[in-house]
Amino acid sequence: MRFDIITLFPELFAPLLTSGITRRAYESGLVDVHFWNPRDHAEGNYRRIDDRSFGGGPGMVMLAEPLFKCLTAIRTERQEAHPAPLVLFSPIGQALNHSAVAQWSHSAGAVLLCGRYEGVDQRFIDQYVDQQISLGDFVLSGGEIAAMALLDAVARLQPGVLNDEGSHQLDSFNPALDGLLDSPHYTRPELWQDHAVPAPLLSGHHANIARWRREQSLHLTAQHRPELLEQARLSGKLSRQDEAFLKQLRHDASAPDSSMGSKKL
């Protein structure tokens with residue numbers, strides 16, 4: 001797959017592409033990344049890519065024409081029968097989640113527009129942007145961090161990128177976990193600062209370990225992301241055993257003498 005990044009600061013991406021385990025995806029070409037600076041397509045001695053907003057107000061707005069010329073150059077180079085979607089990272093976009101990342105990981109890629117300043121001339125958005133994506137209800141100084149988040153999430157799902165082929169299948173939000181949160185993880189030593197590794201994980205009994213992890217996943221999701229639990233329930237993903245465990249959790253939490261503090265749930 002190929003991602004073309006429209007950004008005024010391509011240098012910000014260098015650590016992402018050369019560090020960590022996901023660099024395999026970029027070095028091998030599984031995720032082919034190209035950078036395009038709209039300033040290279042701007043006119044005048046100053047290569048201006050922004051201007052003040054009509055109607056007044058603080059900040060500058062990215063000009064439509066340099067972005068259009070930049071996009072035209074990208075389309076010419078990609079030479080696709082079906083043009084890849086142009087994606088803008090924006091507060092009004094749909095929140096990025098695991099399902100969307102999984103879809104992108106099986107796609108041919110996209111053109112990612114990293115906005116800056118107060119945003120992009122709305123006429124360019126209306127004419128050429130196919131999809132808008134948000135990381136959440138907050139504002140960044142530019143779309144580069146959001147683009148990196150998408151690239152990293154997609155890269156780690158590519159075959160051969162992670163050391164363990166199946167490790168991402170047990171990530172939080174994955175269908176293999178029915179969209180729930182992952183369970184806690186422990187490593188050596190078995191006793192650290194008077195805190196022991198939970199006994200089921202040391203039992204060697206695979207069924208007991210699997211059940212413990214499932215219950216911890218249910219517990220964490222109920223505590224921190226109850227809406228994910230409800231989605232799993234509506235999708236028929238919760239077994240009778242799951243529901244019995246959750247019922248016991250609710251009972252224990254409501255008991256007057258309950259000793260289950262938030263860090264023990």
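Predicted model: local features only at pLDDT ≥ 70, side-chain atom pairs only at ≥ 80, totals over all residues.

**Helix 3 and its cysteine**

Modeller: Helix 3 is followed by Gln-79, which has a positive phi, near 50 degrees. Helix 3 runs over residues 64-78, and at 1.5 Å a residue its 15 residues should span 21 Å. The C-alpha atoms at its ends are 21 Å apart, so the two values agree.

The buried residues of helix 3 are Pro-66, Leu-67, Cys-70, Leu-71, Ile-74 and Arg-78. They lie on the same side of helix 3, because they cover an arc of only 130 degrees around the axis. In an α-helix there are 3.6 residues a turn, so residues three or four places apart point the same way.

The partners of this buried set come from several elements. Among the strands it packs against are strand 1 (2-6), strand 2 (32-36) and strand 4 (60-62). Strand 5 (86-95) and strand 6 (109-113) are also packed against by the buried residues of helix 3, as is helix 5 (122-128).

Cys-70 belongs to the buried set, with a relative accessible area of 0%. The structure holds zero disulfides. Cys-70 is in no disulfide, and the nearest cysteine sulfur is that of Cys-114. Seen from Cys-114, the closest cysteine sulfur is in Cys-70, and because the distance is 11 Å, the two are too far apart for a bond. Cys-114 also counts as buried, because its relative accessibility is 1%.

Technical notes: Residues numbered from 1 in each chain as written. Heavy atoms only, no water. Disulfide = S-S within 2.5 Å. Buried < 20%, exposed > 50% of the residue type's maximum accessible area, 1.4 Å probe, protein only. Helix = DSSP H or I, 4+ residues; strand = E, 2+ residues; numbered from the N terminus. Expected span 1.5 Å × (residues − 1). Arc of directions from axis to C-beta. Contact = heavy atoms within 4.5 Å.
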